[in-house]
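Hi there,

Here is the model I promised to pass on, with my notes below it. Have a look at the coordinates and then read on.

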Amino acid sequence: MSPTASVPITLRSRRVKTWSSFGALGRKPNEYEIVTHGMNHTIGATPLEMGPDVHGNRWLLKHRDGIALKASGLDAFRDPDRMTYRKYTQAMDEQETYIDGLLLHYGEVQHSDRALSPAALDLLAAGMTPTRYLGHGLQMISAYVQQLAHSSYLANCAAFQTADQLRRVQRVAYRTRQLADAHPGRGFGTSESQSWEADADWQAVREAIEILLVAFDWDHAFVGLNLVIKPVADELFLKAFADLAREHGDELDALISENLYLDALRSRRWTVDAYRALVEADPGNGAVLRKHISQWRPYGEKMIASGSRLLARRALATKAPTIADRAETGWSALLAEADRGAGA
């Protein structure tokens, strides 16, 4: 070969440095993505690893795959908190340690339950101890949203939301037992079902929960729960309740409610991003989501009207219109944030 002859050069193709199932990430997947991606066992050629005619798969076909919302391309969605099981348990351990410290300080050191005024006890009996029924309803619906979610990223968010509601139920039940021990003649632990089922101002909340429990299509369940019923309930029975408890000098229950409201804020963050991801996944999804919000909105409005009356009946100074305005403002802010920049 002539010294001046050119030698053909074979270029080696660069090997993909990340897992192909993640698509063109262009980077190494992080811990959150590694433990979350592709973990939804209800997606694929053989969902639930069973035949197409089993009841579970027919349910998925009708109430997830056959709904008006198109959500097949949702693997682009990410939880803004990048929550994993390890991260969640660490965060909840810190929050539970905080509440345990409150209970120790106010209960065993200050014996604060014995010092609660009759008006404060009335507020707790009307607006706090019956919420274990509310929390349990929200827990069951969150679990349903998780089970029918279109991607493992969505499913994990709903699973942690389900755990949040279990935590809420447990804390309300614990406080109910403490109040029953401190005030055995007040009906704590025995009168809550009567309040939930018969108090006129609880019925809008109970109706909303019961209707949500039979909202089988995933898009209706997601919108009804995360964009209407749950945020309204959180505004009333966590945020507003904390303010009223503090009015009564009940700092312990105010602080516990504010701590539980941190879970509600995390739920709102992923809900906003999921809403936007759904709109980006298909041009028609925005109209579907807004239609569902308009269908669920009357239930939220009825909850605000009745819930604000329920709390104001036991308030020292705050009136029902003030409670209602604050709850409406918080809920409207969530809806506006979700829809902002989400497209037509």
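Asp263 counts as buried because its relative accessibility is 4%; buried means under 20% relative accessible area, exposed over 50% and partly exposed in between, with a 1.4 Å probe and protein chains only. The residue lies in helix H10, where helices (H or I, at least four residues) and strands (E, at least two) are DSSP runs numbered from the N terminus. Its side chain makes a polar contact of 3.3 Å with the side chain of Gln95 and another, of 3.2 Å, with that of Arg266. A polar contact here is a pair of N or O atoms within 3.5 Å; within protein, one must be able to donate a hydrogen and the other to accept it, and residues adjacent in sequence count only if both atoms are side-chain atoms. Setting aside neighbours within four places in sequence, Asp263 is in contact (heavy atoms within 4.5 Å) with Met92, Gln95, Asp164 and Arg167.

Before the rest, a word on conventions. This is a predicted model, in which local features need pLDDT of at least 70 and side-chain atom pairs count only at pLDDT 80 or more, while totals for chains, interfaces and linings use all residues. Residues are numbered from 1 along each chain as its sequence is written, and side-chain values use heavy atoms, with hydrogens and water left out.

The overall picture

The chain has 12 helices and zero strands. Of its 344 residues, 49% are buried. Among contacts between residues at least 6 apart in sequence, 79% join residues at least 24 apart.

The cores

A nonpolar core is a set of buried Ala, Val, Leu, Ile, Met, Phe, Trp, Tyr and Cys residues joined through side-chain atoms within 4.5 Å. The largest one has 79 residues, and Trp218 and Phe222 have the most contacts inside it. Helices H4 (118–127), H5 (131–147), H6, H8 (203–212), H9, H10, H11 (285–312) and H12 (320–339) each supply at least two residues of this core. H9 gives the largest share, 17 residues. Beyond neighbours within four places in sequence, Trp218 touches His63, Ile67, Leu69, Val145, Leu148, Ala149, His150, Leu154 and Leu278. There is also a second, separate core of 11 residues, which includes Leu102, Tyr106, Ile256 and Ala264.

For H4, the buried residues are Ala120, Leu121, Leu123, Leu124, Ala126 and Gly127, and they pack against H5, H6, H9, H10 and H11.

Cavities and a pocket

On a 1 Å grid over the protein atoms alone, a cavity is a set of points where a 1.4 Å probe fits but cannot get out, and a pocket is an open set with protein on both sides within 12 Å along at least five of seven lines; lining residues have an atom within 4 Å of a point. Points are joined across faces, edges and corners, and a volume is the space filled by probe spheres set on the points.

The whole structure has three cavities of 30 Å³ or more.

Where does Asp263 come back in? It is one of the residues that line the second largest cavity, along with Asp164, Gln165, Arg168, Lys230, Asp234, Leu238, Leu260 and Ala264. That cavity holds about 60 Å³. Its lining has three nonpolar, one polar and five charged residues; Ala, Val, Leu, Ile, Met, Phe, Trp, Tyr, Cys and Pro count as nonpolar, Asp, Glu, Lys and Arg as charged, and the others, Gly among them, as polar.

The second largest pocket has a volume of about 250 Å³. Of its 15 lining residues, Gly107, Glu108, His111, Asp113 and Gln178 are closest to the centre. Helix H3 (85–109) and H6 each give at least two residues to this lining.

Two backbone angles to check

His111 lies in the loop between H3 and H4 and has a positive phi, near 50 degrees. Arg82, in the loop between helix H2 (55–65) and H3, also has a positive phi, near 45 degrees. Most residues other than glycine have a negative phi.

Best wishes
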